Amino acid sequence: MRMIPRNGAWGRAALAAPGPDTSTRALRERGLRLTGPRRVVLEVIRGTGSHPTAEWVHRMVRRRLPRVSLGTVYRNLRLLVEEGLVQELPGPHARFDGNLGRHHHFTCIACGRILDVDGPLCEPQTRAVSARVESAHGLTITHQRIGFFGRCPAWRAGGGTR
């Protein structure tokens with residue numbers, strides 16, 4: 001899976017009260033054509049706390065726009081990622097995140113659930129690691145991600161044994 005770099009402003013303000021008005025405003029601010037599918041895709045992504053796949057987004061969009069194709073959803077997701085309105089998460093299956101605030105993710109290795117993890121970002125430590133990697137390999141690092149993995153409470157409560 002190819003990660004598309006983030007553009008645009010990041011922060012919780014971009015997520016305030018997701019809905020038609022904020023989606024419309026966000027699309028117009030970026031100079032994007034305001035199409036029904038594009039607006040609904042953005043509303044669906046911003047309106048969920050989960051980290052859905054394109055197929056899940058397609059199912060939700062079709063509840064409001066029954067004739068929308070999966071290809072239309074994919075094209076709009078790519079555009080929204082390129083414009084910095086949605087994040088694409090790394091992994092074997094493309095997942096999308098409408099939370100543009102700085103946060104990390106926890107991935108359950110048993111059920112695949114992805115959860116947002118707020119908390120200290122350890123800025124001094126991550127900058128030090130980035131500086132060492134840049135120096136050792138001649139790289140310029142623009143950003144990094146920290147991922148947490150384990151078993152989620154929902155899976156454990158269900159009696160999981162793996």
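This is a dialogue about helices H2 and H3 and the loop between them in a predicted model.

Modeller: The model is predicted, with local features needing pLDDT of at least 70 and side-chain atom pairs pLDDT 80 or more, while totals for chains, interfaces and linings use all residues. Residues are numbered from 1 along each chain as its sequence is written, and side-chain values use heavy atoms, without hydrogens and water.

Biologist: What makes up the chain?

Modeller: The chain has six helices and five strands, where helices are DSSP runs of H or I with at least four residues and strands are runs of E with at least two, numbered from the N terminus. Their order is α-α-α-α-β-β-β-β-α-β-α.

Biologist: Why is H2 called oblique to H3?

Modeller: Helix H2 (residues 36-46) and helix H3 (residues 54-64) pack at about 120°, with axes 9 Å apart. Under 35 degrees would be roughly parallel, over 145 roughly antiparallel and 65 to 115 roughly perpendicular, and the rest is oblique. The angle therefore makes H2 oblique to H3.

Biologist: Which residues of H2 and H3 meet?

Modeller: Arg39, Val40, Val41, Glu43, Val44 and Ile45 in H2 meet Trp56, Val57, Met60, Val61 and Arg64 in H3; contact means heavy atoms within 4.5 Å. Eight of these residues are nonpolar, none polar and three charged. Here Ala, Val, Leu, Ile, Met, Phe, Trp, Tyr, Cys and Pro count as nonpolar, Asp, Glu, Lys and Arg as charged, and the others, including Gly, as polar.

Biologist: What makes H2 mostly covered?

Modeller: Eight of the 11 residues of H2 are buried. Buried means under 20% relative accessible area, exposed means over 50%, and partly exposed lies in between, with a 1.4 Å probe and protein chains only. The buried residues of H2 are Arg38, Val40, Val41, Leu42, Glu43, Val44, Ile45 and Arg46. In the chain of 162 residues, 36% count as buried.

Biologist: Why does His51 count as buried?

Modeller: His51 lies in the loop between H2 and H3. Its relative accessibility is 2%, so His51 counts as buried.

Biologist: How do you know that His51 and Asp97 make a polar contact?

Modeller: Their side chains are joined at 3.4 Å. A polar contact is a pair of N or O atoms within 3.5 Å; within protein, one must be able to donate a hydrogen and the other to accept it, and residues adjacent in sequence count only if both atoms are side-chain atoms. Beyond its neighbours within four places in sequence, His51 is in contact with residues including Leu89, Phe96, His105 and Ile114.

Key:
Axes fitted to C-alpha atoms, helices over the stretch in contact; angles between N-to-C directions.
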